[in-house]
Amino acid sequence: MRMTAYKNVPSVLSRAGAASALTLAAIGGTMLAPGAVPEAHAASHLTKALDVAASKKGAPYKYGSAGPSRFDCSGLTLYSYKKAGKSLPRTAQSQYNKTRHISASSRKRGDLVFFHSGRSVYHVGIYAGKGKIWHSPKSGSVVKLEKIWSKSVWYGRVR
């Protein structure tokens with residue numbers, strides 16, 4: 001029996017027909033648990049959501065709106081992730097509650113950035129890299145790319 005999924009697995013292991021996760025790790029292979037999402041797939045929805053948010057540059061803020069032409073903050077994130085094939089709840093706090101919480105050092109482009117006061121989330125945007133987010137800030141403004149202005153932020157990754 002020849003295993004073709006792991007081209008860097010020595011032929012002796014291929015002939016054995018199976019390799020343990022530890023063996024694969026020792027020789028530089030990879031193995032996914034059933035139901036796990038490959039890292040490339042996870043990155044693709046982050047990138048897609050970020051691209052959708054950026055495409056809405058200049059769209060006016062409207063409280064309670066989730067697109068396609070007007071947005072409030074959580075409406076923009078909900079719309080962007082929906083277009084990327086992921087579902088989110090409607091409000092910034094609910095979105096925070098649903099995401100996998102990550103550290104600032106683990107953040108990636110496309111992750112959500114939650115602004116908070118104490119334990120309450122009051123604003124959300126999509127991380128664009130280099131300390132900036134795409135967001136729909138407030139009444140009278142538009143969707144734009146802006147530097148993160150506060151240290152009171154948490155990060156979340158949509159699963």
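I call a residue buried under 20% relative accessible area, exposed over 50% and partly exposed in between, using a 1.4 Å probe and protein chains only. The model is predicted, so I note that local features need pLDDT of at least 70 and side-chain atom pairs pLDDT 80 or more, while totals for chains, interfaces and linings use all residues. Residues are numbered from 1 along each chain as its sequence is written, and side-chain values use heavy atoms, with hydrogens and water left out.

I then searched the whole structure for aromatic pairs and got six. Rings of Phe, Tyr and Trp (its six-membered ring) pair if their centres lie within 6.5 Å; planes under 30 degrees apart are stacked, over 60 edge-to-face, the rest tilted. Phe115 and Trp149 are stacked, because their ring centres are 4.2 Å apart and their planes at 10 degrees. Phe115 sits in strand S2 (residues 112-117) and Trp149 in the loop between strand S5 (144-147) and strand S6 (153-157), 34 residues apart. Helices (H or I, at least four residues) and strands (E, at least two) are DSSP runs, numbered from the N terminus.

**Other aromatic residues**

I checked Tyr127 and Tyr155: they pair edge-to-face, at 6.4 Å centre to centre and 85 degrees between the planes. Tyr127 is in strand S3 (residues 120-129) and Tyr155 in S6, so this pair ties together parts 28 residues apart in sequence. I found both Tyr127 and Tyr155 buried. Tyr96, Phe114 and Trp154 form one aromatic cluster.

**Nonpolar cores**

I define a nonpolar core as a set of buried Ala, Val, Leu, Ile, Met, Phe, Trp, Tyr and Cys residues joined through side-chain atoms within 4.5 Å. The largest has 24 residues, and Tyr81 and Leu112 have the most contacts inside it. Helix H3 (39-55), helix H4 (73-83), helix H5 (92-98), S2 and S3 each give two or more residues to this core. H3 supplies the largest share, five residues. Leaving out residues up to four places away in sequence, I list the neighbours that Tyr81 touches, including His45, Leu46, Leu112 and Val158; contact means heavy atoms within 4.5 Å. Another core, of eight residues, lies apart from the largest one and has Val113, Phe115, Ile133 and Tyr155 among its members.

**Sheet**

I traced an open sheet of six strands, with antiparallel pairing and the order S1-S6-S2-S3-S4-S5. Two strands pair if DSSP finds at least two bridges between them. Strand S1 (100-102) and S5 are the edge strands, each pairing on one side only. On average, neighbouring strands of the sheet are turned by 45 degrees against each other, direction ignored. I fitted axes as lines to C-alpha atoms, for helices over the stretch in contact, with angles from 0 to 180 degrees between N-to-C directions. S1 and S6 pair over three bridges, and Ile102 stands opposite Tyr155 in S6. H4 packs on the sheet, touching S2, S3 and S4, with its direction at about 45 degrees to that of S3.

**Ser141 and the chain**

I placed Ser141 in the loop between strand S4 (132-135) and S5. Ser141 counts as buried, at 12% relative accessibility. Outside its sequence neighbourhood of up to four places, Ser141 touches Pro60 and Tyr61. Of its 159 residues, 39% count as buried.
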